[in-house]
Amino acid sequence: MTSNPVRLFHLSDIHFGLEDREALAWVKREIAAKRPDAVAITGDHTMRARQREWDAATRWITGLDVPVTISIGNHDMPYFNPVERFVTPYKRFEGMKALVERELLLPGLAIVPLKTVRRWQPRLNWSKGWVTDEALVQCLAALDALPQGTKALVAVHHPLREVGTHGTALTRHGEQALTELARRKVLGVLSGHVHDPFDIAEPTSEGEVRMIGAGTLSHRLRSTPASFNELVWDGTTLSVTVRNVEHLPSRAMRIADVPPDAMPPRTEGQPVAPVGRVPPVDPPVH
Ligand SMILES: [Fe+2]
Ligand SMILES: [Fe+2]
């Protein structure tokens with residue numbers, strides 16, 4: 001066990017343009033209070049990759065004043081401009097990345113990206129995941145280049161395998177990627193996209209891989225309230241707690257006459273689904 005555990009906040013799917021401002025204000029307060037060693041955001045920073053959405057995302061992230069690493073999501077590529085999407089699909093994302101990312105200096109721990117988006121796909125739904133050979137080779141090379149003894153979390157946008165949430169990722173070549181990550185004994189794979197949190201050990205032919213998903217901080221809710229994940233690595237164990245906004249007073253609760261049989265709000269910090277699958281309730285939005 002190390003003397004200084006590493007604390008990470010794992011955020012995802014903020015979707016500026018349809019962001020939940022109350023949830024974001026709460027997360028910002030939590031970051032200021034707990035000062036995590038890093039914040040990892042696993043994609044879908046915007047709704048439609050409009051410049052005003054990138055500007056809002058850049059302002060909010062730089063205002064966190066802690067080291068941040070970001071991953072590209074399917075909503076982070078040009079949506080309205082097909083020429084830009086095909087010619088320079090990652091330009092706006094890379095522009096924000098250059099402004100908001102700081103080098104992460106985490107003792108014995110690295111966060112390595114694996115791209116799961118493509119500018120086009122040979123199937124109708126381009127919002128789903130796809131791990132290209134090039135993306136996987138790049139990720140594995142980064143993992144293999146880590147100093148001996150360094151543990152790794154891999155940051156993706158789409159879960160590499162379906163995880164029982166209502167939203168789907170349908171990631172092509174996700175199985176192969178998961179097997180390669182199992183072989184390298186990564187601590188976990190951080191993802192977003194499905195807008196519900198989860199924490200699952202997935203079996204592969206090379207052993208288990210822990211897949212950890214963060215919910216959304218936008219109004220595009222699925223089955224669970226707006227949330228983020230709090231991770232603590234003590235050198236031996238990685239603990240994951242889902243933090244959600246359910247304890248915050250909602251608009252519906254701001255009424256003059258509270259019914260006498262009203263239920264109290266959930267206790268601060270109580271996880272929605274600390275480990276396991278989140279039962280699907282709402283229809284998918286993607
Ligand atoms: Fe999303
Ligand atoms: Fe997504």
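Reply: Two strands pair if DSSP finds at least two bridges between them, and helices (H or I, at least four residues) and strands (E, at least two) are DSSP runs, numbered from the N terminus. This is a predicted model, in which local features need pLDDT of at least 70, side-chain atom pairs count only at pLDDT 80 or more, and totals for chains, interfaces and linings use all residues. Residues are numbered from 1 along each chain as its sequence is written, while chains are lettered from A and ligands numbered from 1 in the order in which they are written.

Me: How many bridges join strand 7 to strand 8?
Reply: Strand 7 (198–204) is an edge strand and pairs on one side only, within an open sheet of 5 strands in the order 4-5-6-8-7. Strand 8 covers residues 207–213 and runs antiparallel to strand 7, with F198 standing opposite G213 in strand 8. The number of bridges joining strand 7 to strand 8 is 7.

Me: At about what angle to strand 4 does helix 5 run?
Reply: Axes here are lines fitted to C-alpha atoms, for helices over the stretch in contact, and angles run from 0 to 180 degrees between N-to-C directions. Helix 5 (residues 133–144) lies across strand 4 and strand 5, where contact requires that the C-beta atoms of two residues, placed from the backbone, lie within 7 Å. The angle of helix 5 to strand 4 is about 165 degrees.

Me: Which residue is the bridge partner of E230 in strand 10?
Reply: Strand 9 (residues 227–233) and strand 10 pair in the antiparallel sense over 7 bridges, and the two form a hairpin with 4 residues between them. In strand 10, the partner of W233 is L238, whereas the partner of E230 is T241.

Me: Why is strand 10 described as largely enclosed by the rest of the structure?
Reply: A residue is buried if 20 or more other C-beta atoms lie within 10 Å of its own, exposed if 12 or fewer, and partly exposed in between, with C-beta atoms placed from the backbone. Strand 10 is largely enclosed because its buried residues number 5 of the 7.

Me: How are helix 2 and helix 4 oriented, roughly parallel or roughly antiparallel?
Reply: The axes of helix 2 (residues 51–62) and helix 4 (residues 91–100) come within 10 Å and cross at roughly 20 degrees. Angles under 35 degrees count as roughly parallel, over 145 as roughly antiparallel, 65 to 115 as roughly perpendicular and the rest as oblique. The crossing angle therefore makes helix 2 and helix 4 roughly parallel.
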